[in-house]
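Subject: Structure handover

Hello,

Here is the structure I said I would pass on. Please open it beside this message; my notes follow below it.

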Amino acid sequence: MSKKHTAKKGWLRALKAAHEHDQWGQSIEATDGYTDVLKMLGNVDDLNLTVNEREIVAKSRAVVKERMEAITAGKGATTAKEVKGVVQAIEGLFTGKDVEVDIKVRSGVNIYADSKQNMITDFVENALLPPPRSVKPGSQTISIVIKSIGLKDAPTYIDPFITVSVVRNGKQIGPIQDTKKSHVVKDKHVKFEETVHIQTPLDEFTGGHSIFFEFKHYKPKKKKVSIRCFAFMEHDEILQAQKQKLTQLELYKKPTNFTKRNVNLFSIKQLYLNVKVVTHKH
């Protein structure tokens with residue numbers, strides 16, 4: 001029996017036992033059992049799971065955790081019925097067939113939170129900066145509020161963040177800034193609500209200037225941060241965005257191309273990087 005199938009057998013044994021206690025109203029036994037299940041499902045690094053398998057395991061773990069909270073603290077509305085869906089999903093794992101996943105996770109929950117797949121906490125290197133201070137009177141600066149990014153597989157990314165940089169004629173200039181890691185997902189969107197203060201005054205922007213946004217996430221198998229896609233705003237788009245409540249930027253396939261030549265769309269779906277540009281007069 002392979003390592004995956006051995007693990008699956010243990011998961012199901014523990015999960016079914018806990019679920020049975022849950023159905024009988026034996027809260028202490030159910031909670032103890034679910035605690036064991038959480039430990040098992042959170043320790044899968046050596047199983048070499050595929051992206052789809054990893055997502056199913058992470059969603060399963062999130063539902064079990066929610067059920068525990070409902071039992072112990074009366075928090076949330078996850079019932080034993082939802083746990084039954086987890087049992088069915090895990091039974092379909094490693095069979096060589098497509099798994100029909102019917103695991104209902106509360107909107108906005110990061111399915112990788114608190115698991116060993118989400119243990120990297122210090123890889124964001126370029127902190128967000130305060131508004132620029134040494135600005136000539138009469139100049140203008142801009143802040144960009146990064147609202148969200150739309151991705152069809154939004155819940156699957158571990159510790160995602162966005163790197164923002166000013167680029168002139170294909171080269172990064174000035175400080176590079178990273179948003180905080182997001183743990184909020186809703187309706188195929190990773191939510192950020194982060195404000196990035198661009199340090200280069202708007203008056204210094206020319207036709208050769210752009211602002212780049214690189215969506216990055218952590219890959220536990222490779223133990224590194226990876227770029228998934230990128231977007232950019234050209235000078236004329238920045239000026240136009242000042243008049244709009246929300247600007248939607250196209251997403252492009254990696255690797256990031258600061259020259260903007262021969263770039264390819266990341267997706268044909270109507271999913272974008274959503275930002276708002278705010279102007280400050282000094």
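Helix α1 covers residues 3-23, 21 residues in total. From its first C-alpha to its last it reaches 30 Å, close to the 30 Å expected at 1.5 Å a residue. Please keep in mind that this is a predicted model.

Which residues of α1 are buried? They are Ala7, Lys8, Gly10, Trp11, Leu12, Ala14, Leu15, Ala18, His19 and Asp22. Just after α1 comes glycine 25, with a positive phi of about 80 degrees.

Phenylalanine 94 sits in the loop that runs between α4 (80-91) and β1 (140-150). Is phenylalanine 94 buried or exposed? Its relative accessible area is 13%, so phenylalanine 94 counts as buried, the cut-off being under 20%.

Lysine 260 belongs to the loop between β9 and β10. With a relative accessible area of 22%, lysine 260 is partly exposed.

The loop between β9 (252-253) and β10 (273-281) also holds proline 255. What kind of peptide bond joins lysine 254 and proline 255? The bond is cis, with omega at about 0 degrees.

Regards

Key: Residues are numbered from 1 along each chain as its sequence is written. This is a predicted model: local features need pLDDT of at least 70, side-chain atom pairs count only at pLDDT 80 or more; totals for chains, interfaces and linings use all residues. Side-chain values use heavy atoms; hydrogens and water are left out. Helices (H or I, at least four residues) and strands (E, at least two) are DSSP runs, numbered from the N terminus. The expected span of a helix is 1.5 Å times one less than its number of residues. Buried means under 20% relative accessible area, exposed over 50%, partly exposed in between (1.4 Å probe, protein chains only).
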